[in-house]
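Let's take a walk through this model together, moving from one residue to the next. Please keep the sequence and the 3D view open as you read.

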Amino acid sequence: MIFTQKLECAWSSSGSLLTVGLDPDTKRFPAELQGRPDAIFEFCRSIVDVTAPYACAVKPQIAYFSAHRAEDQLEELCAYILAHHPDLPVILDAKRGDIGSTAEQYAREAFERYQADAVTVNPYMGFDSLQPYLEWKSKGVIVLCRTSNAGGSDLQFLEDAEGTPLYLKVASLVAERWNTNGQCGLVVGATFPDEIAKVRARVGSMPLLIPGIGAQGGDISATVRAGRDAGGNGMMINSSRAILYAGSGDDWREAAALAARATRDAINAERGG
Ligand SMILES: O=c1ccn([C@@H]2O[C@H](COP(=O)(O)O)[C@@H](O)[C@H]2O)c(=O)[nH]1
């Protein structure tokens with residue numbers, strides 16, 4: 001099954017647009033995991049098990065694994081998710097971007113080593129830098145467009161001679177020229193709901209990965225109003241820290257599950273789902 005089909009099935013079976021972000025910060029782990037060599041895997045595995053009923057996808061952020069020489073734990077985690085939650089899409093947040101020959105290796109890493117369903121990529125080296133990912137026809141390629149951080153405006157808001165900002169040029173390029181196989185999505189931050197609406201207006205029903213609710217303070221209602229597609233779906237709304245670290249005591253699993261459920265419900269309240 002190709003990524004977009006898997007995502008549509010997940011939206012429908014879970015009734016959720018929430019993506020649970022896996023940003024395992026070892027300093028914030030509960031006491032029971034401190035000092036364990038497999039702590040990163042065990043933390044993420046538990047989080048996935050307890051939040052999966054409330055999620056349409058999970059998004060491991062690769063830096064939290066590679067910084068701790070824990071790529072093997074990411075590999076094991078992705079294999080675990082595939083075996084135990086086969087209907088839950090895995091979006092590898094790597095934000096890759098490099099010349100084609102190197103991109104081929106990054107694509108293999110994402111789709112073969114980690115078996116991810118989709119990967120995030122940076123468009124600023126142009127089409128040939130994304131082509132190696134697009135050759136994996138069954139996989140999703142999610143392109144940075146209007147990122148959630150304030151500094152994203154430094155470049156993404158630059159306008160061309162007609163007054164079109166760069167992020168909208170990216171949205172149009174992806175929708176009209178690069179998405180020939182229907183496998184692309186865009187990253188648009190929840191901290192910029194007006195821009196989410198402008199992107200949605202340009203790209204039809206293309207899936208949007210929307211980080212920035214929770215710890216970054218993005219408004220859930222404004223995000224859903226701006227980003228939903230004609231069918232009330234179209235979004236993977238990510239929350240990482242607000243779910244992962246909702247509790248720090250013995251009840252950390254239950255706290256994460258409750259936070260995920262509450263976030264799903266807040267999203268659905270606006271969506272009418
Ligand atoms: O524009 C972007 C693109 C990606 N991210 C990633 O999403 C999560 C957000 O974590 P929170 O704890 O929910 O703030 C993190 O992995 C970022 O690398 C983003 O925030 N903004």
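Setting aside neighbours within four places in sequence, Ala 260 touches Leu 18, Thr 51, Tyr 54 and Ile 243, where contact means heavy atoms within 4.5 Å. This is a predicted model, in which local features need pLDDT of at least 70, side-chain atom pairs count only at pLDDT 80 or more, and totals for chains, interfaces and linings use all residues. Residues are numbered from 1 along each chain as its sequence is written, and side-chain values use heavy atoms, with hydrogens and water left out.

You will find Ala 260 in helix H12 (residues 252-271); helices (H or I, at least four residues) and strands (E, at least two) are DSSP runs, numbered from the N terminus. Ala 260 counts as buried because its relative accessibility is 0%; buried means under 20% relative accessible area, exposed over 50%, and partly exposed in between (1.4 Å probe, protein chains only).

Now for the nonpolar interior. In soluble globular proteins, nonpolar side chains tend to be buried together. Here the largest nonpolar core has 86 residues, and those with the most contacts inside it are Leu 22, Phe 43, Leu 92, Leu 186 and Val 199. Helix H2 (residues 39-51) supplies the largest share of this core, 7 residues. Such a core is a set of buried Ala, Val, Leu, Ile, Met, Phe, Trp, Tyr and Cys residues joined through side-chain atoms within 4.5 Å. Beyond its neighbours within four places in sequence, Leu 92 is in contact with several residues, including Pro 60, Ile 62, Leu 74, Ala 110 and Tyr 114.

Next, look at Lys 95, in strand E3 (residues 91-96). The UniProt annotation "active site", from an unreviewed entry, covers Lys 95; such annotations may be inferred rather than shown by experiment, feature names are shortened, and positions are given in the numbering used here. Lys 95 counts as partly exposed because its relative accessibility is 39%. Among its contacts, leaving aside neighbours within four places in sequence, are Gln 61, Thr 120 and Leu 144.

Finally, turn to the ligand. It is surrounded by 16 residues, the closest being Asp 23, Ser 148, Gln 216, Ser 240 and Arg 241, counting those with a heavy atom within 4 Å.
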